[in-house]
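User: I'd like to learn how to read a structure like this one, feature by feature. Could you walk me through it?

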Amino acid sequence: MLDLLRTRLKQGTRTSSFPRRTDDLPARFRGLPVLGQPGNADPSAAPSRLLSTGADGQPVLDVGACLFSPEEAGSGASGTISYSSDYRMAASTRQGLLSHSGEVELAKALDERMRRLFGRSLRLRSVAAGSCGGCEAELVALGNVVFDLARFGVQFVASPRHADGMVVTGTVNPNMRLALEKTYEAIPAPRIVIAVGACAIAGGPFRGSAVAGTGVPDSIPVDLYVPGCPPHPLTLLDGLLRLLGRLPAEPAQ
Ligand code: SF4
């Protein structure tokens, strides 16, 4: 018993000092994708929907569709895409994830009334609508001693009737669409919706499959898009705190 106590004291505080300070991410962490030389990019050769051609003929980088794979960085874009170490990439709009360079329009705070309601206490219902389980694993990690989501007043609840909003993971396949819409309706208004991961934003790696969807349907308004496959817990935390107005607005680097 004494040994246990000694070890525990030696370990000290394990909780991340985020948002005051961000502990160094590992070197292999793949953060916000950056398009280095747009002139050399070849959207037709990209292995995912990360790159497309815009109306102006220029390549458009869709961070919401990014799978954060080494293949995306190395092949399709002729090596012009690289991953930065920036974990901040959650946006309030789908459009905010599209740009020529990879710059993301970071999430904006909810209006004053919503911030007054949810800023210090937010209950969320998680809906896995056809996912691989990776995004849910990161949502679970948010509750561990390192990220400790509850210290910000945010908790997951078991019933939509007890929730202020929902977190959607997965492509929203045809079998889950009605369940998702019913869950949304069961949450008392006003409510917020958070789409987590490439699947919930744009169908992810399953896009194009007859049994998969293309993300949260238009019938459900999304307040926060969190890119990743799966997103890092810090990306989720950063997006959530920005939405709740608890982080200062700043441009992406
Ligand atoms: S975004 Fe990636 S990790 Fe998340 S459910 Fe889809 S495939 Fe799995």
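Analyst: Happy to; we will go through helices, strands, the ligand shell and some backbone details. This is a predicted model, in which local features need pLDDT of at least 70, side-chain atom pairs count only at pLDDT 80 or more, and totals for chains, interfaces and linings use all residues. Residues are numbered from 1 along each chain as its sequence is written, and side-chain values use heavy atoms, with hydrogens and water left out.

User: Let's begin with helices. Which residues of helix α5 are buried?

Analyst: First the terms: helices (H or I, at least four residues) and strands (E, at least two) are DSSP runs, numbered from the N terminus. Buried means under 20% relative accessible area, exposed over 50%, and partly exposed in between, with a 1.4 Å probe and protein chains only. An α-helix has 3.6 residues a turn, so residues three or four places apart point the same way. In α5, residues 174-186, the buried ones are Leu180, Thr183, Tyr184 and Ala186. They lie on the same side of α5 because they cover an arc of only 155° around the axis, where the arc is that of the directions from the helix axis to the C-beta atoms. Pro174, Leu178, Lys182 and Glu185, on the other side of α5, are exposed.

User: What do the buried residues of α5 pack against?

Analyst: Packing is read from contacts, meaning heavy atoms within 4.5 Å. The partners of the buried α5 residues are β6 (122-128), β8 (165-169) and β9 (192-196). Take Thr183 as an example: its relative accessible area is 14%, so Thr183 is buried. Leaving aside residues up to four places away in sequence, Thr183 touches Arg125, Val127, Pro160 and Met166.

User: How many residues of β8 are buried?

Analyst: For β8, 5 of its 5 residues are buried. Gly165, Val167 and Thr169 point one way, while Met166 and Val168 point the other way.

User: How many bridges join β8 to β9, and in which sense do β6 and β8 pair?

Analyst: Two strands pair if DSSP finds at least two bridges between them. β8 and β9 run parallel and are joined by 5 bridges, and β6 and β8 are parallel over 5 bridges. From β8 the chain passes through α5 to β9, a β-α-β crossover that is right-handed. That term applies if, with the strands pointing away from the viewer, the path from the first strand over the helix to the second runs clockwise.

User: What is the order of the open sheet of 3 strands?

Analyst: That sheet has the order β2-β3-β5, with antiparallel pairing. β2 and β5 are the edge strands, each pairing on one side only. Between β2 (residues 51-53) and β3 there are 3 bridges, and Ser52 has Val60 as its bridge partner in β3. The β2-β3 hairpin has 5 residues between the strands, and there Gly57 has a positive phi near 85°. β3 (residues 59-62) is covered on both faces, with Pro59 and Leu61 buried on one side and Val60 and Asp62 on the other.

User: Which residues are around the ligand?

Analyst: A residue is near a molecule if one of its heavy atoms lies within 4 Å of it. Among the residues around the ligand are Ser131, Cys132, Cys135, Cys199, Phe206 and Cys229. The elements giving two or more residues to this shell are α4 (134-141) and α6 (197-202), and α6 has the largest share, 3 residues. By type, the shell has 8 nonpolar, 4 polar and no charged residues. Here Ala, Val, Leu, Ile, Met, Phe, Trp, Tyr, Cys and Pro count as nonpolar, Asp, Glu, Lys and Arg as charged, and the others, Gly among them, as polar.

User: Where are the cis peptide bonds from Phe18 and from Cys229?

Analyst: For such bonds, look at omega. Phe18 and Pro19 are joined by a cis bond with omega about 5°, and Pro19 is in the loop between α1 and β1 (33-35). The bond from Cys229 to Pro230 is cis with omega near -5°, and Pro230 sits in the loop between β10 (224-226) and α7 (233-243).

User: What is the phi of Phe68?

Analyst: Phe68 is a residue other than glycine with a positive phi, near 55°. Its relative accessible area is 9%, so Phe68 is buried. Asp148, not a glycine either, has a positive phi of about 45°, and at 25% relative accessibility Asp148 counts as partly exposed.
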